[in-house]
Amino acid sequence: PLQPGTAAVHLLHHCMSMDGLGGRLERLLIEAKLGDIVFTPVFLDGPETSALLLTTTTTPARAAQIWQLAQRARQSLVDLPPTASERNIGRARTWLSLRRSDLDANSRLRATALRVLTGTTEDQLLERLTDLEQPDAITKATTDAFAALPMTMIAVGGEPPPDLGAVTRFE
């Protein structure tokens, strides 16, 4: 959330997956009778960005379903922006995500350096998070930016279903 507008994208991410423990993805998994799938979240912090890695063990067919449902969950936020309840939970999770770097000395130093380099003050960060409380915080431009972010699935072992498409094999 260091750049203007990115706090809202973080909120949308949490509305989609709640770090693998809820959100629209979980609802779609339950509807598809895949509610028994348990993800282990791992947060990867890079110099200027972070990523959420969700891991699980499943079959190739179910992996394909998970991928399709993840795509649907993300698109659903474009088609139907988050409800007030989703936004409240997403705001809290966004705040926690922002503060995650405070838990590790290396991450804290990297985050502090990045704030200095971007000229972002603590007050500006708090203001961006507070702005998420406004009814118009999530715009069409925000949901489109969220949908344009890369999302990848890596499956190890097994054969992907032939109708999955857009599969890249690695040796």
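Leu 53 lies in strand β2 (residues 50-55), where strands are DSSP E runs of at least two residues and helices are H or I runs of at least four, numbered from the N terminus. This is a predicted model, in which local features need pLDDT of at least 70 and side-chain atom pairs count only at pLDDT 80 or more, while totals for chains, interfaces and linings use all residues. Residues are numbered from 1 along each chain as its sequence is written, and side-chain values use heavy atoms, with hydrogens and water left out.

**Surface**
- Leu 53 is partly exposed, because its relative accessibility is 37% (buried is under 20%, exposed over 50%, partly exposed in between; 1.4 Å probe, protein chains only).

**Nonpolar core**
- The largest nonpolar core has 25 residues, of which Leu 25, Leu 29 and Leu 132 touch the most other members (buried Ala, Val, Leu, Ile, Met, Phe, Trp, Tyr and Cys joined through side-chain atoms within 4.5 Å).
- At least two residues of this core come from each of α1 (6-17), α2 (23-31), α3 (60-79) and α6 (122-131), with α1 giving the largest share, 7 residues.
- Beyond neighbours within four places in sequence, Leu 29 contacts Leu 34, Gly 35, Phe 39, Ile 66 and Leu 69 (heavy atoms within 4.5 Å).

**Ser 97**
- Ser 97 sits in helix α4 (residues 84-100) and is buried, because its relative accessible area is 14%.
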